[in-house]
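Subject: Two-chain model, handover and notes

Hi,

Here is the model I promised to pass on. Have a look at it first, then read my notes below.

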Amino acid sequence: MIALVEFLDLHVVPRVDDESSWKLTAEMVALSGFSLIGLTVPTGLLSSRLDALRNCFQDSGIEVFVRVDLACSKRDDLLKLLRRFRSTFDIIGVRCTNHNSALVAARDRRVDLIFFDSAARHIWFDDSIANVSNAKLELNLSALCEAPNHLILSRFMKDVTVARRHKVEVVLSSGATSPLLLRTPNQMVAIAEILGLNKQDAIDGLSAIPSSILTSNVERRSKNYVEEGVRITAGADQEA
Amino acid sequence: MSRRYVQIKICSHVTVTEEQVTQALTGSIVRTFGEVGLSRIAPKLIHFDSRNSTAVLAFAKDHAVEMQAALAFIRQMGESEVLMMPLKTSGTIKGLSSS
């Protein structure tokens, strides 16, 4: 058993129009052993509804970060969306729908996570994407739990092999769209080990790596942040 | 063969039976690891509490990873959706009851 590590699931997709399911999802997340989650919400969600959703999870003792998933087939559209939403959301994930958009997303420093649709046959995490990747590769394990079959398993195994070859960090997420698709950290680590990650990398993929993403994004959104490596310090002290 | 024990919570909208749990577990292991994997993991349902929807399973100590993964891959029992959530793992049954 793994203990004394704070686990994060950066990809939980609640049904925003079904308030009754929020409570159940929050309870299941807490029971699973996660202390912090990334909730994927639609970009146009009203702030009052988002606050209600956040409060529901916080009542169960879970810290919430808001995430958006972008999916574009054209480079310009993706860049436009990144410009628009980077400052609004805590986490930005990109669902790669074709090779060109995957390359753009992987290279762009505003993208935190890239992931691939396990059902899409024409696009996968290959060497050319891994070679330029600044983003982390996200494995949504619900695809395996929803319909475990050898094609999805081998696809994930290949992704892990390529990521390890190019030293791309792998983040493990549930990608759960329903409460019953959530899995415990132990189960997710076990699946990752089967996919070819070693135990420590799997644990890091649920704890240290997502935590570092959130830390840097919170810092990036603070008012003293100028750019990478540059912060306002003297002015901030004077204001205080 | 050295054994370990895992206590699981069965989350479902309907009540599940002992047979369904055994079938789902065996099916998941065979689908993922094959018959050889099943014989190596050697899972056994030790205790089942339908009222609290909990169960205790025994398995071969060296195959904890496969066991956890097989539990994670269980999505359905009969027609209903389920989640098999491991709560605690121990080397003894007594160890599961102590907090």
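The notes below go through the chain contact, then each chain in turn.

First, the housekeeping. Residues are numbered from 1 along each chain as its sequence is written, and chains are lettered from A and ligands numbered from 1 in the order in which they are written. It is a predicted model, so to speak of local features takes pLDDT of at least 70, side-chain atom pairs count only at pLDDT 80 or more, and totals for chains, interfaces and linings use all residues.

**Where the chains meet**

The contact takes 17 residues from chain A and 16 residues from chain B; two residues count as in contact if their C-beta atoms, placed from the backbone, lie within 7 Å. On the chain A side, the elements that give two or more residues are helix H1 (19–32), helix H6 (142–146) and H8. Helices here are DSSP runs of H or I with at least four residues, strands are E runs of at least two, and both are numbered from the N terminus. H8(A) gives the largest share of that side, six residues. By class, the side of chain A that touches chain B has 10 nonpolar, four polar and three charged residues. For the classes, Ala, Val, Leu, Ile, Met, Phe, Trp, Tyr, Cys and Pro count as nonpolar, Asp, Glu, Lys and Arg as charged, and the others, Gly among them, as polar.

Across the contact, H8(A) (residues 185–195) packs on H2(B) (residues 64–73) at an angle of about 110 degrees, and their axes are 8 Å apart. That makes the two helices roughly perpendicular. Axes are lines fitted to C-alpha atoms, for helices over the stretch in contact, and angles run from 0 to 180 degrees between N-to-C directions. Under 35 degrees counts as roughly parallel, over 145 as roughly antiparallel, 65 to 115 as roughly perpendicular and the rest as oblique. The crossing of H8(A) and H2(B) is left-handed, that is, the near helix is turned anticlockwise from the far one by less than a right angle (clockwise would be right-handed). From H8(A), the residues involved are A:Asn186, A:Gln187, A:Ala190, A:Ile191, A:Glu193 and A:Ile194, and they meet B:Val65, B:Gln68, B:Ala69, B:Leu71 and B:Ala72 of H2(B). Seven of the residues in this helix contact are nonpolar, three polar and one charged.

**Chain A**

H8(A) also packs on H9(A) (residues 199–206), at about 135 degrees and with axes 9 Å apart. This pair is therefore oblique, and its crossing is right-handed. Here A:Pro185, A:Met188, A:Val189, A:Ala192 and A:Glu193 of H8(A) meet A:Lys199, A:Ala202, A:Ile203, A:Gly205 and A:Leu206 of H9(A).

Chain A has an open sheet of seven strands in the order E1-E2-E3-E4-E5-E6-E7, with parallel pairing; strands pair if DSSP finds at least two bridges between them. E1 (8–12) and E7 (170–173) stand at the edges with a single partner strand each, so one side of each has no neighbour in the sheet. On average, neighbouring strands are turned by 30 degrees against each other, direction ignored.

Within that sheet, E2(A) (residues 36–40) and E3(A) (residues 63–70) pair over five bridges, with A:Leu39 opposite A:Val66. The chain gets from E2(A) to E3(A) through H2(A) (residues 47–59) in a right-handed β-α-β crossover. Right-handed here means that, with the strands pointing away from the viewer, the path from the first strand over the helix to the second runs clockwise. H2(A) lies across E2 and E3, at about 135 degrees to E3(A). Four bridges then join E3(A) to E4(A) (residues 91–96), where A:Asp69 stands opposite A:Gly93. A:Gly93 also has A:Leu113 in E5(A) as a bridge partner.

**Chain B**

H2(B) packs on H1(B) (residues 18–41) as well, at about 160 degrees with axes 8 Å apart, which makes them roughly antiparallel. That crossing is left-handed. Chain B has an open sheet of five strands, E2-E3-E1-E5-E4, with antiparallel pairing. E2(B) (44–49) and E4(B) (76–77) are its edge strands. Five bridges join E2(B) to E3(B) (residues 54–60), and B:Lys44 stands opposite B:Ala58.

Cheers
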